[in-house]
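Let's take a walk through this protein together, from its ligand to the way its parts meet. Keep the sequence and the 3D view open as you read.

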Amino acid sequence: MKKIMLTGDRPTGRLHVGHYVGSLRRRVELQNTGDFDDIFIMIADAQALTDNADNPEKVRQNIIEVALDYLACGLDPEKSTLFIQSQIPELCELSFYYMNLVTVSRLQRNPTVKSEIQMRNFEASIPVGFFTYPISQAADITAFKATTVPVGEDQMPMIEQTKEIVHKFNSVYGETLVDPKILLPDNAACLRLPGIDGKAKMSKSLGNCIYLSEEPEDIQKKVFSMFTDPTHIRIEDPGKLEGNTVFTYLDAFCRPEYFPEFLPEYENLDELKAHYKRGGLGDMKVKRFLNNVLQAELEPIRNRRKEFQKDIPAVYEILRKGSEKAKTVAEQTLKEVKAAMKIDYFADEELIRAQAEKFSE
Ligand code: ATP
Ligand code: MG
């Protein structure tokens with residue numbers, strides 16, 4: 001079986017370091033292994049509109065921001081197809097048919113949708129499109145016959161939902177759709193990177209992000225303002241690591257080579273953590289180290305982004321070409337889906353002959 005990767009992001013803002021450790025970094029690594037037959041990276045504008053219906057300009061403006069972040073991180077249009085969701089109408093058609101395979105109560109149980117509804121104050125009036133976005137996500141994944149979906153932990157319920165739709169579809173209409181596998185980050189800190197305020201998830205919508213394109217002074221300001229251990233008041237006090245955002249970020253970003261470069265008095269992260277727990281290590285020292293780490297990680301990304309920014313029409317052209325290719329693939333899947341569902345009337349000569357025979361008797 002072919003190995004196909006699909007994943008994407010909502011164009012609701014520039015991408016942040018949570019996206020990077022949750023999914024983007026892995027995508028680029030996988031892309032560069034050459035192990036995949038096809039890689040599809042989708043800018044999910046139609047999904048972004050499900051909770052931004054009254055703000056299409058926001059979505060429109062952020063398409064290019066997300067595309068630039070992709071290219072800056074090393075997604076290569078020669079190896080990965082970068083495309084825009086709304087340009088593939090076949091995805092809507094697939095969603096429409098999948099809707100018949102999912103119950104309202106099943107959607108209501110989706111924990112990510114539940115918490116997102118709360119976050120957006122949608123409790124009283126949820127847009128139907130938003131409520132059903134897990135179904136549209138199943139269409140995105142299955143349209144490209146994705147076998148691998150590298151995403152952050154919040155996407156687990158979506159992939160579960162997709163798998164259920166695939167199983168249901170295949171059992172009702174015959175083996176047609178491919179069952180996808182979720183690929184979560186293997187480092188716990190990256191599953192759901194907290195915001196700089198220590199809140200459960202860094203998210204564009206919560207405004208607690210460090211963006212990939214952030215300027216050095218802003219990165220430093222954000223790191224220095226970061227949430228740590230509120231009970232660690234004096235340097236001598238023992239410190240806690242649980243819920244300490246600075247250490248979570250070090251878990252997500254620190255590489256062994258950063259110690260000799262920026263903090264040679266420690267061998268590794270374990271030693272630094274042990275000292276913090278024991279007491280005698282100040283928050284500012286750890287924050288300065290984290291700032292150096294993040295600056296080193298983000299500088300090459302920011303610089304590459306500036307290169308791509310010099311030719312914006314070329315970036316749109318990459319998306320146009322990618323969308324064209326993605327459309328051809330989705331068209332083929334839709335054809336197979338409609339044949340399986342027996343709604344391919346004009347392509348089915350057998351049907352027409354049989355009906356003709358029936359009425360000639
Ligand atoms: P929005 O607030 O508009 O939903 P978002 O910041 O949650 O935006 P998405 O576009 O919904 O970002 O998510 C894109 C991908 O990034 C998904 O795979 C998601 O799991 C991952 N991701 C987003 N935020 C984080 C995070 N804080 N930690 C790890 N992965 C994340
Ligand atoms: Mg999200």
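Which of the 22 residues around ligand 1 come nearest? They are Thr12, Asp154, Leu193, Lys201 and Ser205, where a residue counts as near a molecule if one of its heavy atoms lies within 4 Å of it.

Before going further, a word on what you are looking at: this is a predicted model, in which local features need pLDDT of at least 70 and side-chain atom pairs count only at pLDDT 80 or more, while totals for chains, interfaces and linings use all residues. Residues are numbered from 1 along each chain as its sequence is written, chains are lettered from A and ligands numbered from 1 in the order in which they are written, and side-chain values use heavy atoms, with hydrogens and water left out.

His16 places a polar side-chain atom 3.1 Å from an oxygen atom of ligand 1. Ser203 also uses its side chain, with an N or O atom 2.9 Å from a ligand oxygen.

Now zoom out to the domains. Where they meet, 15 residues of domain 1 are in contact (heavy atoms within 4.5 Å) with ten residues of domain 2. Together the two domains bury about 1000 Å², 60% of it on carbon and sulfur atoms; buried area is the accessible area (1.4 Å probe) that two parts lose on being put together, summed over both. Val17, Ala72 and Ala189 supply 45% of the area that domain 1 buries here, more than any other three residues.

Side chains of opposite charge can pair when their charged atoms come close. Between domain 1 and domain 2 there are two salt bridges, each a side-chain nitrogen of Lys or Arg within 4 Å of a carboxyl oxygen of Asp or Glu. Glu65 forms a salt bridge with Arg305, their closest N and O atoms being 2.7 Å apart.

The structure as a whole holds 26 salt bridges. In one of them, Asp38 pairs with Lys325, the closest N and O atoms being 2.9 Å apart. This pair links distant parts of the chain, 287 residues apart: Asp38 sits in strand 2 (residues 38-43) and Lys325 in helix 16 (residues 312-340). Helices (H or I, at least four residues) and strands (E, at least two) are DSSP runs, numbered from the N terminus.

Key
A polar contact is a pair of N or O atoms within 3.5 Å; within protein, one must be able to donate a hydrogen and the other to accept it, and residues adjacent in sequence count only if both atoms are side-chain atoms.
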